[in-house]
Amino acid sequence: MMTGTRWLNSEQQVAWRAYLLGTARLMAKLDDDLRQFGIGINDYEILVRLSEAPDRRLRMADLADRLHQSRSRLTHTVGRLEAAELVRRTSCKSDKRGVWAELTEAGFTLLEQAAPHHVEGVRENLLDLADPEDFAAVGRVFDAVSEHIGQR
């Protein structure tokens with residue numbers, strides 16, 4: 001039966017499954033490590049993106065796009081961070097429909113505490129396990145994936 005499907009060969013299948021399992025385990029480990037700070041990996045990424053933005057704030061729609069999250073999911077997560085006083089939402093004065101997510105001083109302080117621990121986890125559980133050339137290749141592959149899918 002010819003379907004035209006380009007099936008993975010055995011080497012590709014092994015690599016694909018290793019990627020899926022390794023990514024799931026890495027993200028779970030990084031998430032677990034951040035729980036001691038009262039946040040998870042998705043919360044951490046929000047705090048990081050806000051910390052890197054001018055005035056430590058982004059429009060909610062822009063933040064959702066940068067994180068590749070649905071706006072409803074981001075709204076829920078930012079609501080939790082706002083309740084914890086790590087982020088605040090404010091209206092955009094130039095566009096009454098727009099809403100800013102702003103990193104609070106408490107959020108920035110928490111990020112400063114969590115970041116060294118998180119970076120060490122990334123190093124220990126990913127970077128230190130790969131040759132620099134292999135890690136650079138991973139970056140090139142996922143840049144190509146992002147460009148191909150159009151989700152940068």
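At 41% relative accessibility, arginine 80 counts as partly exposed, a class that lies between buried (under 20% relative accessible area) and exposed (over 50%), as found with a 1.4 Å probe and protein chains only. This is a predicted model, in which local features need pLDDT of at least 70 and side-chain atom pairs count only at pLDDT 80 or more, while totals for chains, interfaces and linings use all residues. Residues are numbered from 1 along each chain as its sequence is written, and side-chain values use heavy atoms, with hydrogens and water left out.

Arginine 80 forms a salt bridge (a side-chain nitrogen of Lys or Arg within 4 Å of a carboxyl oxygen of Asp or Glu) with aspartate 43, the closest N and O atoms being 2.9 Å apart. The pair links helix α4, which holds arginine 80, to helix α2, which holds aspartate 43, across 37 residues; helices here are DSSP runs of H or I with at least four residues, strands are runs of E with at least two, and both are numbered from the N terminus. Aspartate 43, at 4% relative accessibility, is buried.

Helix α4 itself covers residues 71–83, and at 1.5 Å a residue its 13 residues should span 18 Å, which agrees with the 18 Å between its end C-alpha atoms; the expected span is 1.5 Å times one less than the number of residues. Its buried residues are Leu74, Thr77, Val78 and Leu81. Seen down the axis of α4, these fall within an arc of 100°, so they line one face of the helix, the arc being that of the directions from the helix axis to the C-beta atoms. On the other side of α4, Ser72, His76 and Ala83 are exposed. The cover over the buried residues includes α2 (41–52), α3 (60–67) and β2 (87–91), where contact means heavy atoms within 4.5 Å.

Two further salt bridges can be followed from here. Glutamate 105 pairs with arginine 56, with the closest N and O atoms 3.2 Å apart, and this joins helix α5 (residues 105–125) to the loop between α2 and β1 (57–59) over 49 residues. The side chains of glutamate 102 and arginine 57 meet at 3.7 Å, N to O; because glutamate 102 lies in strand β3 and arginine 57 in strand β1, the pair ties together parts that are 45 residues apart in sequence.
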